[in-house]
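Dear colleague,

Please find below the structure that I am handing over to you, followed by an account of what was found in it.

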Amino acid sequence: MCMTAMLPPLMLPKPPSSPFYQQVYKKTDGEWHAQKSKDGSSRIARPKKRMQRCSLVSPKLIGWTNISAEVILKEKDDVVERKMAESGVEPGGKYQTKECQSRNKIAIVVPLRNRTEHLKVFLRYMHPFLQRQQLDYAIIVAEQTEGSLFNRGALMNVGFKEAQLLDNFQCFFFHDVDNLPENDGNPYTCPEDGKPRHMTYSLSRWNNYKPFPGWYFGGVTALTANDFQKINGFSNVYWGWGGEDDDLLRRIKFHKMTPTRALDGFPSLIAMARYKTLTHKKAEPSPIRHKLLREYTKRLKSDGLKDLAYQRLALELKPLYTRVLVELQQPSKGKAPARS
Ligand code: BGC
């Protein structure tokens, strides 16, 4: 089916020239140079002298993309890798905007297991997407070994910790591998401190782009490094499908932060924050996730970045991403729960 046929009847202004877009970006752009840690020291490198800062709205935006995994997968790996390298993608999936000083330096953290084909589509699509927004970025994939139940939250924490060892990122996009943003006017700019941003306003898989209710905080979320640290990251106790994203939202609210949405305050543009879902078999929901969720306050202080336990088995700078392969452990209990 042709995706464009399903788009809402929006007459969107063309991104680069419109003052309307300038407003949108002003509102969503966290301005990387403004993000300093509380002790006053700037953990983020200062902008290079002489090079001009990128404009608020990138002139490279193209708007909607008709995403087809089949088309994306047609090209051979070596051809794609060569083209990406020519576009400036460095080993480890790092990229620095060449033509101007980017306003944002972001890390995209992707939790993964057994989704090789989805990852391929994701990388081939996301690199050009992020480059069109003139971002400095790196893609870090946190992969869990076989045998144990999948733990999305703990893998996000792993990605965060490992990324911090690699570079100074102003903010983090915690990103499911099967969600692809359809419009590059959906800003992957950093949120402000205290305002974590939910990116996935709607998904093709979810009732054909029906907007998500406010309680949903899954799919793709963006937090500054400061905020993620402050809330102690994701909880590590959600083994199996579900709950960890609900827990994250509770942590955010508990710390009196304000959850926001991509393109908040611009109702006529909100549809731009829609995502195409790559198809996959739905996992079995964890039967204990609601119970864990009810008790989230009891664990807040320790459970998360602080007690994260894992063994790093590999750290590889692949041509299009940084791969961190880990064996997760249960804090203080050792071995992760096995798959039934
Ligand atoms: C789960 C969440 C999930 C949501 C939407 C909830 O029941 O706990 O993890 O994101 O459903 O699918």
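Strands, in this account, are DSSP runs of E of at least two residues, numbered from the N terminus. Asn179 is found in one of them, strand β5. Please note that this is a predicted model.

**Asn179 and its surroundings**

Asn179 has a relative accessible area of 1% and is therefore buried. Its side chain makes a polar contact of 3.3 Å with the side chain of Asp178. Leaving aside residues up to four places away in sequence, Asn179 touches Phe122, Thr200, Leu203, Gly219, Val220, Tyr275, Lys276 and Thr277. Phe122, one of these, is 57 residues from Asn179 along the chain, and their C-alpha atoms are separated by 8.1 Å.

**The chain as a whole**

The protein chain contains nine helices and 13 strands. Of its 340 residues, 55% are buried. Among contacts with a separation of 6 or more, 80% are between residues 24 or more positions apart. The chain exposes about 15,800 Å², of which carbon and sulfur atoms supply 55%.

Trp64 is placed in the loop between α1 (19-28) and α2 (69-74). Its relative accessibility is 24%, so Trp64 counts as partly exposed.

Helix α5 comprises 15 residues, 152-166. From its first C-alpha to its last it reaches 21 Å, close to the 21 Å expected at 1.5 Å a residue. How much of α5 is buried? The count is 11 of the 15 residues, so the helix is largely enclosed by the rest of the structure. The buried residues are Arg152, Gly153, Ala154, Leu155, Met156, Asn157, Val158, Gly159, Phe160, Glu162 and Ala163.

At the start of α5, a side-chain oxygen of Asn151 comes to within 3.3 Å of the backbone nitrogen of Gly153. The backbone nitrogen of Asn151, in turn, lies 3.0 Å from a polar atom of the side chain of Gln144.

Gln144 belongs to strand β3 (residues 136-144). With 2% relative accessibility, Gln144 counts as buried. Its side chain also makes a polar contact with the side chain of Ser148, at 3.0 Å. Not counting residues up to four places away in sequence, Gln144 touches Leu112, Arg113, Leu149, Phe150, Asn151, Leu155, Trp239, Leu325, Val326 and Leu328.

**Aromatic residues**

A search of the whole structure finds 16 aromatic pairs. Phe173 and Tyr188 form a stacked pair, with 4.8 Å from centre to centre and 10° between the planes. Phe173 lies in strand β4 (residues 171-175) and Tyr188 in the loop between β5 (179-181) and β6 (197-198), so the pair ties together parts that are 15 residues apart in sequence. Both Phe173 and Tyr188 are buried.

One aromatic cluster is formed by Phe160, Phe169, Phe172, Phe174, Phe228 and Phe234. The ring of Phe169 has the charged end of Lys105 over it, 6.0 Å from the ring centre. In another such arrangement, the charged end of Lys282 sits over the ring of Trp241, 3.9 Å from its centre.

Most residues other than glycine have a negative phi. Against that background, two residues may be of interest to you.

Lys256 has a phi near 60°, a positive value in a residue other than glycine. Lys256 lies in the loop between α7 (244-254) and β9 (260-261). Its relative accessible area is 75%, so Lys256 is exposed.

Leu263 likewise has a positive phi, near 60°. Its place is in the loop between β9 and β10 (274-277). Is Leu263 buried or exposed? Its relative accessible area is 1%, and Leu263 is therefore buried.

Yours sincerely

Terms used:
Residues numbered from 1 in each chain as written. Predicted model: local features only at pLDDT ≥ 70, side-chain atom pairs only at ≥ 80, totals over all residues. Heavy atoms only, no water. Helix = DSSP H or I, 4+ residues; strand = E, 2+ residues; numbered from the N terminus. Expected span 1.5 Å × (residues − 1). Buried < 20%, exposed > 50% of the residue type's maximum accessible area, 1.4 Å probe, protein only. Polar contact = N/O pair within 3.5 Å; in protein donor to acceptor, adjacent residues only side chain to side chain. Contact = heavy atoms within 4.5 Å. Phe/Tyr/Trp six-rings, centres within 6.5 Å; stacked < 30°, edge-to-face > 60°. Lys NZ or Arg CZ within 6 Å of the ring centre and 35° of its normal. Areas by Shrake-Rupley, 256 points an atom, 1.4 Å probe, with all protein chains shown as cover.
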